[in-house]
Amino acid sequence: MANDTIPLTTPGAVNSSRLIHRSNFRLFVLAVFYLVFLVIGAAVFAAIEGPHESRLVDHVKMIRHSFYDEFKHCIADEDLEKFIEEIVHAANRGVSAIKNVSQSEPNWSFGQALFFASTVVTTIGYGRVTPLSDAGKAFCILFAILGIPLTLVLFTACVERLMIPTRNLLYWLYGKLGHLYKVFHIQVLHLCIILGIHIIFFMLVPAGIYTVLEPNWNYLDAFYYCFISLSTIGLGDYIPGDNSDQPHRALYKVATTFYLLMGITMLLLLITVFYDIPELNLGYHFYLKNDENNRNDEETRLKPADKGNSSKYTKQIDDTQSIRSGEFQSYQQDVHTPVTEEEGQLQH
């Protein structure tokens, strides 16, 4: 009597399991690389900034000792220590003791408050000016809970509309260069154009303007501020309009607020264009659902859309399954077009 054996797993399940293990291994390698990247970054920062901090500490100690040696008969060391603590605490909360605590406008004027609100909802969060009262802290939490998702929706809607002229530019490049270069090369050129616009009009030009308006900033400081702010890192070491003698401080802060909103929107547009190119999307190699969809770029070619609009192009793959999987639909791929002669005869 023959024993019938029932396979516990199907070939498809085995293949899927193998792909999952392969993707998990790549994810593990990425995590290790990321950890090494952080360690190297920390070591470099420590090596560069450590000596500067030591010199600054020595300088502060020398000033403090010189001041106390000169006035030790007039003030006790404990009183001097308390005075310094109060000054540092106030400075950390956005109030400077320079020039007898005098400044052109308070930190919580409407313009300043609008600037602070924008840094909260955009997650920049400089941290120089913060709520002082318990009621302000509680409202800041509620404001962030509602404001951050609303800001993300606004940015997404704006980027979606900006992608219309952006893709039209890409289609125009397809029409002019499609017969000479590969799709990938045209997409990289398109990305470089958008990147150039972002760097020139939202980094280089604003940096020059801030260099003129901020008396203590050089061009590198201003460019550094623009990058740190638009990337929403928001370290808070450079903030425009914090000079006590800054004229029209509130108006200056409002203008900076609109610059940050437009700059972040442009940065998100740049990121969207970048991720529309599968060959440059690093995450594409670490997602589980994409392991079965990897295709060689050599099989990719341009195909005019069959809709009477010669300015529109589609990405076409020499593989029926890939076409129907929707892997390359970013540029209006015509998935209803017959792929093989047999399918064409069936549709007729």
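This dialogue walks through how to read several features of a predicted model.

Reader: What is the pattern of the chain along the sequence?

Author: Begin with the secondary structure. The chain has nine helices and two strands, and read along the sequence they follow the pattern α-α-α-α-α-α-α-β-β-α-α.

Reader: Which elements of the chain have the lowest and the highest mean pLDDT?

Author: pLDDT is the predictor's confidence in each residue, from 0 to 100. The mean for the chain is 77, and 74% of the residues reach 70 or more. Among the elements, helix H8 (residues 320–324) has the lowest mean, 38, whereas helix H6 (residues 219–230) has the highest, 96. Two stretches call for a separate remark. Residues 295–300 have pLDDT below 50, and beyond near neighbours in sequence this stretch has 14 contacts in the model. Residues 316–348 are also below 50 in pLDDT, with 54 contacts counted beyond near neighbours in sequence.

Reader: Where does the UniProt annotation place "transmembrane region"?

Author: An annotation comes from a record and may be inferred rather than shown by experiment. The unreviewed UniProt entry gives "transmembrane region" for residues 27–48, 108–127, 139–164, 184–210, 222–239 and 251–275. Two of these spans can be set beside the model. Residues 184–210 are 100% helix and 0% strand, with end C-alpha atoms 37 Å apart. Residues 108–127 are 60% helix and 0% strand, and the end C-alpha atoms of that span lie 14 Å apart.

Reader: Which residues of H5 and H6 are buried?

Author: The cut-off is a relative accessible area under 20%. In H5 the buried residues are Val183, Ile186, Gln187, His190, Leu191, Ile194, His198, Phe202, Met203, Pro206, Ala207 and Tyr210. In H6 they are Asp221, Ala222, Tyr225, Cys226, Ile228, Ser229 and Leu230. The buried residues of H6 pack against H5 and H7. Over the whole chain of 348 residues, 29% count as buried.

Reader: How many residues does the largest nonpolar core have, and which have the most contacts inside it?

Author: The core has 27 residues, and those with the most contacts inside it are Tyr126, Tyr210, Tyr225, Cys226, Leu230, Tyr259 and Leu260. Helix H4 (134–177), H5, H6 and helix H7 (249–275) each supply at least two residues. H7 gives the largest share of this core, eight residues. Apart from it lies another core, of seven residues, including Leu170, Leu173, Tyr174 and Val183.

Reader: What does tyrosine 210 touch?

Author: Residues up to four places away in sequence are not counted. On that basis, tyrosine 210 touches Trp217, Ala222, Tyr225, Cys226, Pro240, Tyr252, Thr256 and Tyr259. For the chain as a whole, residues 24 or more positions apart account for 59% of the contacts with a separation of 6 or more.

Reader: Is alanine 250 buried or exposed?

Author: Alanine 250, in helix H7, counts as buried because its relative accessible area is 17%, under the 20% cut-off. The C-alpha atoms of alanine 250 and tryptophan 108 are separated by 9.4 Å, although the two residues are 142 apart along the chain.

Reader: Where is tyrosine 68, and what is in contact with it?

Author: Tyrosine 68 is in helix H1 (residues 11–71). At a relative accessible area of 24%, tyrosine 68 is partly exposed. Leaving aside neighbours within four places in sequence, its contacts are Ile75, Ala76, Asp77 and Leu80. The C-alpha atoms of tyrosine 68 and leucine 80, 12 residues apart along the chain, are 8.1 Å from each other.

Reader: Which loops hold threonine 123 and threonine 232?

Author: Both are worth a look for their backbone angles. Threonine 123 has a positive phi of about 65 degrees although it is not a glycine; it sits in the loop between helix H3 (110–121) and H4. Its relative accessibility is 44%, so threonine 123 counts as partly exposed. Threonine 232 lies in the loop between H6 and H7, with a positive phi near 60 degrees. At 28% relative accessibility, threonine 232 counts as partly exposed.

Technical notes: Residues numbered from 1 in each chain as written. Predicted model: local features only at pLDDT ≥ 70, side-chain atom pairs only at ≥ 80, totals over all residues. Heavy atoms only, no water. Buried < 20%, exposed > 50% of the residue type's maximum accessible area, 1.4 Å probe, protein only. Helix = DSSP H or I, 4+ residues; strand = E, 2+ residues; numbered from the N terminus. Contact = heavy atoms within 4.5 Å. Core = buried A, V, L, I, M, F, W, Y, C linked by side-chain atoms within 4.5 Å.
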